[in-house]
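Subject: The structure, and what I found in it

Hi,

Here is the structure I promised to pass on.

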Amino acid sequence: MQAPPLAATVTRLLGAEYLSDDERRSLRVRHGVWTDDDLATPGLRARAALVRGAWDDPSFGDASADPLDRAEALVRRGDIHDALNFLDGLDSIRAIRLRSEALEALGRLDEADAALEPLVERLAGRRVANADELVEGVRGLAIRLRVRGSERAADAAGGYRGLMSMLAVARDEMDRLSWAAHLAEAELLYSRDNLPEAGKAVEETLRLNPSCAAAWSLAGRMAVDSFDFDRAESIALRLHALAGPGLSAEGAAISARARLRQSDPEGASLALAPALERFPRDRSLLALEAAATGARFDDTGLERAIAAFDALNGTERSAEALYEVGRALSEARQYQQAADVLERAAARRPTLPEPWIELGLLELQAGRDLRARDSLRRAASLDPFNVRAENSLRLIEELLTYETVESEHFVVRYRPGPDALLAREMLPVLEHIHAVVAGPGGFDHEPSRRTQIELMPDHSWFSVRITGMPRVHTMAASTGPVIAMEAPREGPRSMIGPYDWPRTLQHEYAHTVTLSRTNNRIPHWFTEAAAVWVEHAPVDPRWWGLLVRAYERNELFDLDTISLRFVRPLRPTDRSQAYAQGWWMYRFMVERWGNEAPLALMDRYAAGERQSVAMRAVLGITPEQFFEAFLPWARAELERLGLALPEGTPTLRDLLMAEVARRIDREVLWAERSGGRDAWAGEPPGLPDFGRITLPTPDAVMTGGWLERHPEHPDALAAAVQIALAAARGRPTPDMAPLLERLAAARPEDPLPRRLLARLAIDGTLPGAPERAIEHLEYLDARELRSPAYALELADRYAKAGRLDEAWEKAVRASRIAPFDATVRERAARIAILRDDFASAEAQIEALIVLEPDREIHQRRLEALRARR
């Protein structure tokens with residue numbers, strides 16, 4: 001992990017001729033670009049060790065080092081009582097800040113607040129010598145804000161703005177090379193979840209001091225927050241290198257946080273173990289170890305860890321361990337336990353906004369809206385600048401204005417207005433979905449409470465509903481008790497447009513059911529695989545292309561990697577491949593071990609077993625063995641679908657080279673029979689004129705007998721279709737039909753021949769065109785997720801054929817994909833009338849009145865229909 005380039009202003013300063021050697025040496029240490037020769041004294045070594053995060057460097061034991069640097073190292077490594085003793089008699093602004101920080105860490109909050117009085121007086125009297133002192137003053141005031149809090153948002157806002165203003169003075173007026181000012185600014189911004197601005201401040205810090213471990217640590221936290229785990233681990237390595245030859249406590253913490261977010265609490269503990277051995281009283285490491293214990297669902301061990309943390313402080317007023325545990329449990333969707341822990345944290349430190357923010361976001365995801373609102377309002381009063389809290393509070397107050405419709409297993413919440421139309425239509429569909437997903441043919445489990453469907457009017461509201469930040473790129477998502485979906489409508493505020501929401505909700509409700517059955521302890525890949533499986537529909541044809549490439553390139557994800565690729569893809573196709581491969585592996589599991597095997601695994605996960613233990617118990621093999629067994633099955637599947645060639649079948653390249661060799665052989669034979677040198681104008685006897693040999697083009701090869709010799713070769717058939725299309729300028733012709741039929745049979749998951757055959761059938765140029773058109777359109781409609789076009793075409797064709805029930809089924813499907821499209825509703829009403837289903841026709845016309853209230857014809861049609869009834 002490389003630092004940004006050193007600021008040009010720092011480079012110029014270090015090269016200034018007026019500097020003495022000692023001044024230059026001191027400046028190189030200050031800006032993190034020292035050499036070994038620069039660290040000539042214990043004081044400089046200690047100062048450098050603080051910068052690089054080496055809290056146990058031997059220089060801190062030297063009495064000639066700055067006592068404040070020595071005290072800072074004691075605080076950082078958790079030797080708080082020693083630090084307080086060391087600070088006795090020291091009264092600089094930095095000493096005051098350190099004393100207050102140490103007391104806060106021990107939970108002695110009143111003392112921490114009182115200790116800051118001299119600092120406040122100096123700042124009020126403008127008795128600040130330089131930018132470093134002002135930054136220390138800001139750090140001290142930040143502690144006071146945390147300790148005291150505020151019941152009024154205006155006071156909290158004023159305090160935050162005041163801190164940022166003072167940092168701007170330190171940074172822009174007192175010392176433009178003060179990396180400490182940028183670092184303090186980054187920490188304040190990060191504490192408000194303003195990651196973009198915090199990232200800029202971190203980068204500026206590193207431009208002024210590339211060795212600043214605190215800045216690297218903050219960058220690592222942000223990488224973990226954004227699921228960039230490779231970057232986080234790279235930063236952790238950078239931190240270890242900076243602290244070398246020791247071990248970086250901050251590097252260990254970054255690795256642990258990354259692994260916790262990847263549902264790997266065992267890995268988090270492994271990352272923490274050597275750091276805890278070296279720094280056994282480091283509160284942040286101990287808090288993360290408690291979080292890892294909680295994420296392992298070890299309730300007894302968790303309470304022991306929290307008690308040990310409190311015993312170290314000698315008080316139960318510190319919220320740090322409880323806060324980290326609550327976050328980890330919330331991440332693991334252990335909503336009730338996480339809420340209990342975060343409430344304990346908030347009770348210990350009611351003036352800290354962080355526990356209230358996490359509690360509010362958790363309650364929002366759990367569907368407990370009033371509790372979410374109360375927690376977020378409390379958070380906003382303490383920290384009105386937190387971006388996640390602000391967005392989520394705005395959302396919950398919006399949601400509380402929504403109306404609801406209910407059925408036995410679902411509550412649908414929607415914004416008053418046109419969305420009521422869809423909300424009412426959803427209930428019978430949802431109950432059918434429940435029977436499929438939760439019934440014996442599905443996951444054989446019913447959630448303990450009704451599932452809440454949030455019908456969000458546009459993408460911005462949907463995104464905030466799921467994450468608290470507007471940056472999710474999908475149309476629906478399940479948090480377990482709550483499923484949020486974006487309304488399937490066209491418009492500038494919609495990212496998706498129309499889509500097959502019943503299939504989408506069947507997928508998301510599968511998450512709700514599997515999460516409920518497993519107590520929210522199911523591996524990410526497995527819940528996604530199960531959800532695709534229970535859609536009971538053909539998968540996206542593009543998935544097969546991803547799977548073929550991944551198999552051929554040996555890039556299929558193993559079971560340690562696949563869950564991560566959902567949340568942190570390394571390539572644009574990784575997330576789609578994870579969905580496709582997860583479903584594929586679920587199919588393999590069902591075929592090899594039966595339908596009950598996945599359900600038995602879910603029950604093991606519910607009991608708290610990890611994937612490796614559960615698989616050995618249910619399948620009798622390890623995850624590694626499962627993957628090894630999956631590979632040959634996957635190969636056979638690809639061969640069955642014409643997407644891979646069986647062993648011994650020549651590839652297109654083999655066929656092409658064979659044709660080249662055949663032509664060369666023919667020329668050699670001709671040369672031997674033509675009389676040798678005299679016939680070849682100077683060439684040796686028997687050597688052909690290679691200039692006379694024309695290399696075969698693919699179309700020449702096709703017409704030269706490839707397909708006759710290999711009539712079912714899928715690659716040859718696909719190439720022949722492309723050649724024929726190119727010759728016809730991209731449009732299918734009737735004489736291509738037999739070739740297209742052969743390709744459709746050889747590659748049943750390839751939609752291309754079906755699309756071309758459907759076009760021929762629609763044009764009326766295919767024998768048996770009406771029925772053949774329906775056959776191919778049905779194939780295409782089963783795989784269509786975004787457009788009602790195929791369903792509408794099928795509805796019209798079924799109606800013309802007098803198959804009105806099938807026509808109505810397709811009209812309903814089209815109106816569900818595009819429920820806010822008046823044209824689709826009108827066509828559905830027409831078909832309902834044809835089959836004398838006046839109630840359904842009336843419902844469609846009522847929908848038209850909602851969608852187009854200014855068109856009086858809809859009201860007249862409704863009145864005429866009612867009169868006819």
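Predicted model: local features only at pLDDT ≥ 70, side-chain atom pairs only at ≥ 80, totals over all residues.

**The chain overall**

The chain has 44 helices and five strands. Its C-alpha trace spans about 100 × 100 × 55 Å along the principal axes. Of the 869 residues, 55% are buried. If you take the contacts with a separation of 6 or more, 60% of them come from residues 24 or more positions apart.

**α13 and its two partners**

Helix α13 covers residues 213-225, and it packs on helix α14, residues 229-243, at an angle of about 160 degrees with the axes 8 Å apart. Angles over 145 degrees count as roughly antiparallel, so that is how α13 runs relative to α14. On the α13 side the contact uses Ala-213, Trp-216, Ser-217, Ala-219, Gly-220, Ala-223 and Val-224, while α14 brings Phe-229, Arg-231, Ala-232, Ile-235, Arg-238, Leu-239 and Leu-242. Sorted by type, that contact has ten nonpolar, two polar and two charged residues. The crossing of these two helices is left-handed.

And how does α13 pack with helix α15? The angle between α13 and α15 (residues 249-261) is about 5 degrees, and their axes are 9 Å apart. That makes the two roughly parallel. Here Ala-213, Ala-214, Ser-217, Gly-220, Arg-221, Val-224 and Asp-225 of α13 meet Glu-250, Ile-254, Arg-257, Ala-258 and Arg-261 of α15. This contact divides into five nonpolar, two polar and five charged residues.

In the loop between α12 (195-208) and α13 you will find Cys-212. Its relative accessibility is 2%, so Cys-212 counts as buried. From Cys-212 to Val-202 is ten residues in sequence and 9.8 Å in space, C-alpha to C-alpha.

**α30 against α33**

Helices α30 and α33 pack at an angle of about 100 degrees, with 10 Å between their axes. That makes α30 roughly perpendicular to α33. The α30 residues involved are Gln-581, Trp-584, Met-585, Arg-587, Phe-588, Met-589, Glu-591, Arg-592 and Trp-593, and they meet Phe-626, Phe-627, Ala-629, Phe-630, Trp-633, Ala-634, Glu-637, Leu-638 and Arg-640 of α33. By type, this contact holds twelve nonpolar, one polar and five charged residues.

Is Met-585 in this helix buried or exposed? Met-585 lies in α30, and it counts as buried because its relative accessibility is 0%. Leaving out neighbours within four places in sequence, Met-585 touches Trp-525, Leu-559, Ile-562, Phe-626 and Phe-630.

**α28**

Helix α28 runs over residues 541-552. At 1.5 Å a residue its twelve residues should span 16 Å, and the end C-alpha atoms are 18 Å apart, which agrees. The buried residues in α28 are Pro-541, Trp-543, Trp-544, Leu-546, Leu-547, Val-548 and Ala-550. What covers them includes α27 (524-533), α30 (574-593), α33 (623-640) and α38 (751-763). After α28 comes Asn-554, which has a positive phi, near 60 degrees.

Asp-444 has a positive phi near 50 degrees although it is a residue other than glycine. Asp-444 is in the loop between α24 (419-438) and β3 (451-456). With a relative accessible area of 49%, Asp-444 is partly exposed, because over 50% is needed to count as exposed.

Arg-729 is another residue other than glycine with a positive phi, near 60 degrees. Arg-729 sits in the loop between α36 (714-727) and α37 (737-746). Its relative accessible area is 81%, so Arg-729 is exposed.

Cheers

Methods:
Residues numbered from 1 in each chain as written. Heavy atoms only, no water. Axes fitted to C-alpha atoms, helices over the stretch in contact; angles between N-to-C directions. Helix = DSSP H or I, 4+ residues; strand = E, 2+ residues; numbered from the N terminus. Parallel < 35°, antiparallel > 145°, perpendicular 65-115°, else oblique. Left-handed = near helix turned anticlockwise from the far one by under 90°. Contact = heavy atoms within 4.5 Å. Nonpolar A, V, L, I, M, F, W, Y, C, P; charged D, E, K, R; others polar. Expected span 1.5 Å × (residues − 1). Buried < 20%, exposed > 50% of the residue type's maximum accessible area, 1.4 Å probe, protein only.
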